[in-house]
Amino acid sequence: MSSLAAEKKAVNLGQGFPDYNMDAELVELVNKAMKTGHNQYVHMNGYQPLRDALAEKVKFLYKTSIDPVSQITITPGGTYALYTALTTIIQAGDEVIVFEPAYDSYIPAIELNGGKAIRIQLTFPDYSINWSEVKQRITARTRAIMINSPHNPTGSVLSKNDIEELKSIVKGTNILIISDEVYEHLIFDGLEHESILKYPELLERSFVCFSFGKVYHCTGWKLGYCISSPHLMNEFRKIHQFNCFSCDSPKQVALAEFLQNREHYLELGSFLQKKRDYFQQLMKETLFKPLPSHGSYFQIYSYADLSNENERDFAIRITKEYGVATIPVSAFYQDEVKHKVVRFCFAKKEKTLENAVEQLRSVKPKL
Ligand code: PMP
């Protein structure tokens, strides 16, 4: 959709990346780090002051003490952390439960590692987990369950009750958890992020994956980290050592200083919520109908009042005829779904959102 958006000079609300500048202070800190000579390899597991700052943040936000030396590894992005976690644990034929719609790397990453993806659809239209179905789909080969909150593409978030269900399902089993929390701070409406880090008994059996790029509005940085138990992290590092070894130094040095100011992450949720609210407000003038989004960069809209086309055809036509690119949510499923919903990325300048909605107001029903 991004290529089509570029070709048609459409406003791109498809792919998830901000079009506004990242924090100038963080850019300055990277400059400073480079100018002061932080340009060589740092420790394989990450620049220690950054890992210390992350452990401090985890303690402050989730009241859990983690050991920054043995439990945190800095990675080249969240996707890499997820992939490495899967490589660490999957033996041929192992099953991994994934929920659809699923971020596009999950299923290929499971299959490339010789595993089998057990796909369970989130309930429509609230995109929540049907835990009784999860119980039914567990077998002797179930190696892990992958969760993602706040969720891409829907913006749904896991509740305390979901975590209780997860706890009761894994209790007394060897099932591991891979938790994709790349949108950690981007949660709205006064809801609390139910991080696995809040639950030491779950963290014991989890790989929790994060992305600096996503939360600090610099997706091109491709820098993230993984937190796990010392035992699992030790195994994770056996893969990481020969796949990446050491990540970008100046950015790690900069982030270690940047994270000293808690405001830098505490303000992220309200910053993004303002954008979501502004976008929702503008979209009221169109025939698109919003589905709830409580986090991430994304807001899903139904176009059922506008067209009977499938999601792909609709998204392509809207890009070509009205100059606004979206992502069909069906692209996040392996099987065909007919929900008539598309995903918009609202992590954009106000002007970009205004330009997009200006076009979307003129979309005529074609039923
Ligand atoms: N997980 C989810 C759910 C995402 O949406 C993304 C980014 N699109 C990632 C992981 C990847 O993060 P990174 O760019 O740090 O690899």
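# Terms and values in a predicted model

Q: What makes β12 and strand β13 (residues 341-345) a pair?
A: Two strands pair if DSSP finds at least two bridges between them. β12 and β13 share 2 bridges, in the antiparallel sense, so they meet that criterion. One of the contacts is known by residue: Val342 in β13 is the bridge partner of Pro328.

Q: What packs on the sheet at β12 and β13?
A: Helix α14 (residues 311-322) does, touching both strands. Contact here means heavy atoms within 4.5 Å. The direction of α14 makes about 45° with that of β13. Such angles run from 0 to 180 degrees between N-to-C directions, and the axes are lines fitted to C-alpha atoms, for helices over the stretch in contact.

Q: What do these values rest on?
A: The model is predicted: local features need pLDDT of at least 70 and side-chain atom pairs count only at pLDDT 80 or more, while totals for chains, interfaces and linings use all residues. Residues are numbered from 1 along each chain as its sequence is written, and side-chain values use heavy atoms, with hydrogens and water left out.

Q: Why do β9 (289-290) and β12 (327-328) count as edge strands?
A: The open sheet has 4 strands in the order β9-β10-β13-β12, with antiparallel pairing. β9 and β12 each have a single partner strand, so one side of each lacks a neighbour in the sheet.

Q: Which strands stand at the edges of the open sheet of 7 strands?
A: The order is β2-β8-β7-β6-β5-β3-β4, and the pairing is mixed. β2 (72-75) and β4 (116-121) are at the edges, because each has a single partner strand. Neighbouring strands are turned by 20° against each other on average, direction ignored.

Q: Which helix lies across β5 and β6?
A: Helix α7 (residues 160-170) does, running at about 175° to β5.

Q: Why is β3 called largely enclosed?
A: Buried means under 20% relative accessible area, exposed over 50%, and partly exposed in between, with a 1.4 Å probe and protein chains only. 6 of the 6 residues of β3 are buried, so the strand is largely enclosed by the rest of the structure. Glu95, Ile97 and Phe99 point one way, Val96, Val98 and Glu100 the other. In a regular strand the side chains alternate between the two faces of the sheet.

Q: How do you know that β2 is covered on both faces?
A: Ile72 and Ile74 on one side are buried, and so are Thr73 and Thr75 on the other.

Q: What makes Ile138 buried, partly exposed or exposed?
A: Its relative accessible area is 26%. Ile138 is therefore partly exposed. The residue lies in the loop between α6 (131-137) and β5. Leaving aside neighbours within four places in sequence, Ile138 is in contact with Ile97, Ile169 and Ile175.

Q: Why is helix α11 (residues 249-258) called largely enclosed?
A: 9 of its 10 residues are buried, so the rest of the structure largely encloses α11. The cover includes α2 (24-35), α3, β2, α9 and α12 (263-266).

Q: What makes a space a cavity rather than a pocket?
A: On a 1 Å grid over the protein atoms alone, a cavity is a set of points where a 1.4 Å probe fits but cannot get out, and a pocket is an open set with protein on both sides within 12 Å along at least five of seven lines; lining residues have an atom within 4 Å of a point. The structure holds 1 cavity of 30 Å³ or more. The largest cavity contains about 60 Å³ of space, and 13 residues line it, with Lys57, Glu184, Ser211, Val215 and Tyr225 nearest its centre.

Q: How much space lies in the largest pocket?
A: About 590 Å³. Of its 25 lining residues, Gly16, Tyr103, Asp104, Asn152 and Lys214 are closest to the centre. α4 gives the most to this lining, with 3 residues.

Definitions and conventions
Points joined across faces, edges and corners; volume = space filled by probe spheres on them.
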